[in-house]
Amino acid sequence: MSRVQIIDRSQDERFMREALAMATQGAELGEVPVGAVLVYEGEIVGRGFNCPISSRDPSAHAEMVAIRGAAEALDNYRLPGSTLYVTLEPCSMCAGLIVHARIQRVVYGASEPKAGVVESRGEFFAQEFLNHRVLVEGGLLAAECGATLSAFFKARRGA
């Protein structure tokens, strides 16, 4: 596994759409619709959607599921040179995992003003004490990612 890969932004929208498809799968199961895919060398190696309710696992956020799948697929707990695409700004638990996994880059869609720690509630990845630096790009397909969440919660309130 390479240590650092050249960043290719040409496929970002395609991979975020894959993350949105994962979010839709979660919503169909009654889970909050957040989806994630982890990409290494241009291929999706991990996929996930939020599933803490159905799995009875409070750590089963989309990022966690995708990273676990990628680590299994690549037979390594470290994932340097990889990019994580997630439809919602990561929380503190997921941000910590991203650092520990040595993910090179995170691309997220919608901001999370209540619990997002990438930019909304502090800049976690900029903390001096961290031993790994993560590149971050927010706002990719933000309107679509946000609309998925809004529609889910509107339907839930109406039920």
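**Salt bridges and one buried glutamate**

By salt bridge I mean a side-chain nitrogen of Lys or Arg within 4 Å of a carboxyl oxygen of Asp or Glu. Arginine 9 sits in the segment before α1 (12-28) and glutamate 137 in strand β5, so this pair ties together parts that are 128 residues apart in sequence. Helices and strands here are DSSP runs numbered from the N terminus, helices being H or I with at least four residues and strands E with at least two.

A word on the source. This is a predicted model, where local features need pLDDT of at least 70 and side-chain atom pairs count only at pLDDT 80 or more, while totals for chains, interfaces and linings use all residues. Residues are numbered from 1 along each chain as its sequence is written, and side-chain values use heavy atoms, with hydrogens and water left out.

Back to the first pair. Arginine 9 is partly exposed at 48% relative accessible area, and glutamate 137 is partly exposed at 23%. On that scale, buried is under 20%, exposed is over 50%, and partly exposed is in between, using a 1.4 Å probe and protein chains only.

How many salt bridges are there by this rule? The count is seven.

Another one joins the side chains of aspartate 12 and arginine 105, at 2.5 Å from N to O. Aspartate 12 belongs to helix α1 and arginine 105 to strand β4, 93 residues apart, so the pair links distant parts of the chain. Aspartate 12 is buried at 6%, and arginine 105 is buried at 1%.

A further salt bridge pairs arginine 47 with glutamate 18, their closest N and O atoms lying 3.0 Å apart. Arginine 47 is partly exposed at 41%, as is glutamate 18 at 26%. Through shared partners, salt bridges join Arg9, Asp12, Arg105 and Glu137 into one network.

Last, glutamate 112, in the loop between β4 (105-110) and β5 (135-138). Glutamate 112 is buried but has no salt bridge, and the nearest side chain of opposite charge, lysine 114, is 6.9 Å away. What lies 2.7 Å from a polar atom of the glutamate 112 side chain? The backbone nitrogen of lysine 114 does. Leaving out residues up to four places away in sequence, glutamate 112 touches Leu88, Glu89 and Ser120, where contact means heavy atoms within 4.5 Å.

Technical notes: Lys, Arg positive; Asp, Glu negative; His and termini not counted. Polar contact = N/O pair within 3.5 Å; in protein donor to acceptor, adjacent residues only side chain to side chain.
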